[in-house]
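This report concerns aromatic pairs, charges over rings, a helix face and nonpolar cores. The structure under discussion is shown below.

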Amino acid sequence: MTDIPKCPGLKSEQVKKAISALRQWVNKNEEEDQLISSDAGFYVDVSVKTISAHEATKARRISVKHSLKEEGISVVLIAKNTEEETLKELKKANFVFDKIVSVKDFKVGEYRPFEARRKLSDSYDRFVVDDRIIHLVPQYVGKTFTKSLKYPMVPIDIVKGNLKKEVESALHDTYLNLNGSNKCSVKIGDFSMKDSELYENFESAVPAICNIMTKNQWSQVQRVDVRHPRTPSLPVYYSLSTEEDYKTASEQS
């Protein structure tokens with residue numbers, strides 16, 4: 001059996017078998033249960049043996065080979081402000097957002113009421129955030145709103161020369177949100193993709209996710225699972241903790 005690059009012991013054949021098993025389950029149950037959808041998502045869950053200290057203010061971009069950006073999705077920009085100068089910059093970028101809101105709209109404006117926030121999150125597919133104000137998002141937007149989103153908010157550099165390219169690139173990839181626990185869950189595709197595409201996204205994303213979670217210490221990875229939102233997790237890698245693991249983690253923190 002062949003190891004996934006940079007992940008000794010994580011076997012490519014095991015991952016491919018898990019993807020195939022999930023596909024069979026989705027195909028079998030999709031017609032019987034309307035809550036099951038082939039485009040609901042293919043997730044990888046990574047658990048580590050000990051928690052490392054991380055800066056959790058920004059989502060970490062994880063590159064994937066095959067885009068997670070669906071055709072015809074609606075995109076909302078949460079900007080530092082919505083004054084005329086900002087709008088001019090966006091028009092020059094030749095990218096039309098479906099909606100542009102200010103972060104202050106969540107604090108004192110239209111989206112302060114909970115019901116207004118719920119309606120906003122339900123009405124649009126993806127949310128991108130001016131990275132200059134990403135640190136304000138938890139305070140102004142609130143955890144309930146961010147948890148209700150279909151995808152994590154994506155930070156973008158709004159002052160870049162080619163904003164359209166920046167947004168397209170940001171929506172192509174996936175994101176890891178660090179929450180202070182020893183486990184993370186990252187969407188790396190959906191079952192409208194081919195099995196080979198899901199595997200290639202797994203192969204490109206998992207080493208990067210594990211490196212961030214463990215600060216480049218693969219031995220600190222405890223388990224890796226894959227799943228559809230409506231299925232139990234299927235383990236593809238497991239490692240027991242040792243005394244040396246805890247010593248390594250202590251030195252890293």
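**A tilted aromatic pair**

Trp 218 has a relative accessibility of 13% and therefore counts as buried (under 20% relative accessible area with a 1.4 Å probe and protein chains only; exposed is over 50%, and partly exposed lies in between). Tyr 237, with a relative accessible area of 12%, is buried as well.

The model is a predicted one, in which local features need pLDDT of at least 70, side-chain atom pairs count only at pLDDT 80 or more, and totals for chains, interfaces and linings use all residues. Residues are numbered from 1 along each chain as its sequence is written, and side-chain values use heavy atoms, with hydrogens and water left out.

Three aromatic pairs are found in a search of the whole structure (rings of Phe, Tyr and Trp, the last by its six-membered ring, with centres within 6.5 Å; planes under 30 degrees apart are stacked, over 60 edge-to-face, and the rest tilted). One of them joins Phe 106 and Tyr 111, a tilted pair at 5.7 Å centre to centre with 35° between the planes. Both Phe 106 and Tyr 111 are buried. The ring centres of Trp 218 and Tyr 237 are 4.9 Å apart and their planes lie at 45°, so this pair is tilted. Because Trp 218 belongs to the loop between helix H8 (195-214) and strand E11 (221-227) and Tyr 237 to strand E12 (residues 234-238), the pair ties together parts that are 19 residues apart in sequence. Helices (H or I, at least four residues) and strands (E, at least two) are DSSP runs, numbered from the N terminus.

**Charges over rings**

Lys 16 lies over the face of Tyr 199, 4.8 Å from the ring centre, and Arg 227 over that of Tyr 43, at 4.7 Å. The criterion is NZ of Lys or CZ of Arg within 6 Å of the ring centre and within 35 degrees of the ring normal.

**Nonpolar cores**

The largest nonpolar core has 37 residues, and Leu 10, Val 44, Val 46, Leu 176, Phe 202 and Ile 209 have the most contacts inside it (a core is a set of buried Ala, Val, Leu, Ile, Met, Phe, Trp, Tyr and Cys residues joined through side-chain atoms within 4.5 Å). Elements giving two or more residues to this core include strand E2 (7-11), helix H1 (12-29) and strand E3 (42-48). H8 gives the most, with nine residues. Apart from this core lies another, of 18 residues, among them Phe 106, Val 129, Tyr 140 and Met 153.

**The buried side of H4**

In helix H4 (residues 114-123), the buried residues are Arg 117, Leu 120 and Ser 121. They cover an arc of only 95° around the axis, which puts them on the same side of H4; the arc is that of the directions from the helix axis to the C-beta atoms.
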